[in-house]
Amino acid sequence: MKSLTDIPYKQTYNKIDDNIAKDFYLPSLENSISYSRLSGYFGSTIFIIAWSALKSFIHNGGRMRIICSPILSDQDIDAIHK
């Protein structure tokens, strides 16, 4: 696991010029042990995109907290209960 200070972050990102997931989100998640997010909407499909980084996050003992809208898909509700 790298330190987050070892990742070559840019000052700013925009979705027209940058692949924000590849260049920022995934390396950050992969090399973190804590992730907190506040979001108006949450869908577990993000984990399909982030699966490789998420596996490293879990392997590192990572803990995730998500605060989001209480409106969830039936599939996400089932996954939470499991």
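The side chains of K22 and D23 meet in a salt bridge, with 3.6 Å from N to O; the term covers a side-chain nitrogen of Lys or Arg within 4 Å of a carboxyl oxygen of Asp or Glu. The model is a predicted one, in which local features need pLDDT of at least 70, side-chain atom pairs count only at pLDDT 80 or more, and totals for chains, interfaces and linings use all residues. Residues are numbered from 1 along each chain as its sequence is written, and side-chain values use heavy atoms, with hydrogens and water left out.

K22 is exposed, at a relative accessible area of 56%, while D23 is partly exposed at 28%; here buried means under 20% relative accessible area, exposed over 50% and partly exposed in between, with a 1.4 Å probe and protein chains only. In total, the structure holds two salt bridges. The other joins D18 to K10, whose closest N and O atoms are 2.6 Å apart. D18 counts as buried at 13% relative accessibility, whereas K10 is partly exposed at 45%. As background, side chains of opposite charge can pair when their charged atoms come close.

The protein comprises four helices and two strands, where helices (H or I, at least four residues) and strands (E, at least two) are DSSP runs numbered from the N terminus. In order from the N terminus, the elements run α-β-α-α-β-α. The C-alpha trace spans about 40 × 30 × 20 Å along its principal axes. Of the 82 residues, 22% are buried.

Strand 1 (residues 34–39) pairs with strand 2 in the parallel sense over six bridges; pairing requires that DSSP finds at least two bridges between the strands.

S28, in helix 1, is buried at 12% relative accessibility. Apart from neighbours within four places in sequence, S28 is in contact (heavy atoms within 4.5 Å) with L4, I7 and Y9. L4 itself is found in the segment before helix 1 and is partly exposed, at 36% relative accessible area.

Rings of Phe, Tyr and Trp (its six-membered ring) pair if their centres lie within 6.5 Å, and planes under 30 degrees apart count as stacked, over 60 as edge-to-face and the rest as tilted. By this rule the count comes to three aromatic pairs. In one of them, the ring centres of Y13 and F24 are 5.5 Å apart and the planes stand at 55 degrees, so the pair is tilted. This pair links distant parts of the chain, with Y13 in the segment before helix 1 (20–30) and F24 in helix 1, eleven residues apart. Both are partly exposed: Y13 at 22% and F24 at 36%. Ring pairs also bring Y9 together with Y13 and F24 in a cluster.
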